[in-house]
Amino acid sequence: MVCFCFLVDQKRKVSSSKPAAGTCSRCGCGVSVADMKTVTRFCYVPFYCKSWKAIICTFCGSLLKSYR
């Protein structure tokens, strides 16, 4: 079971983003609406891909809200 943890990974990537109204609750900087893409890989071969929208901070990068 320990080997399985090292063979599977998940990457998040921002494909595009637009400025949004509001501030981050953690650092107080501006936020943006981003189109996110999550890719799950097994032995470096992608086998699951999902696209979704999220509100992220432009300074600290924290995920404030996700729309899946």
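1. Residues are numbered from 1 along each chain as its sequence is written, and side-chain values use heavy atoms, with hydrogens and water left out. Because the model is predicted, local features need pLDDT of at least 70 and side-chain atom pairs count only at pLDDT 80 or more, while totals for chains, interfaces and linings use all residues.

2. A disulfide is a covalent bond between the sulfur atoms of two cysteines. Taking it as a pair of cysteine sulfur atoms within 2.5 Å, the count is zero. The closest cysteine sulfur to that of Cys 24 belongs to Cys 57 and lies 3.8 Å away, which is too far for a bond. Cys 27 is likewise in no disulfide, the nearest cysteine sulfur, that of Cys 57, being 3.5 Å away.

3. Cys 24 is buried, with a relative accessible area of 4%, whereas Cys 27 is partly exposed at 34% (buried is under 20%, exposed over 50%, partly exposed in between, with a 1.4 Å probe and protein chains only).

4. Ser 32 lies in strand 2 (residues 30–42) (strands are DSSP runs of E, at least two residues, numbered from the N terminus), and Ser 32 is buried at 7% relative accessible area. Beyond its neighbours within four places in sequence, its contacts (heavy atoms within 4.5 Å) include Ser 17, Pro 19, Ala 54 and Ile 56.

Technical notes:
Helix = DSSP H or I, 4+ residues; strand = E, 2+ residues; numbered from the N terminus.
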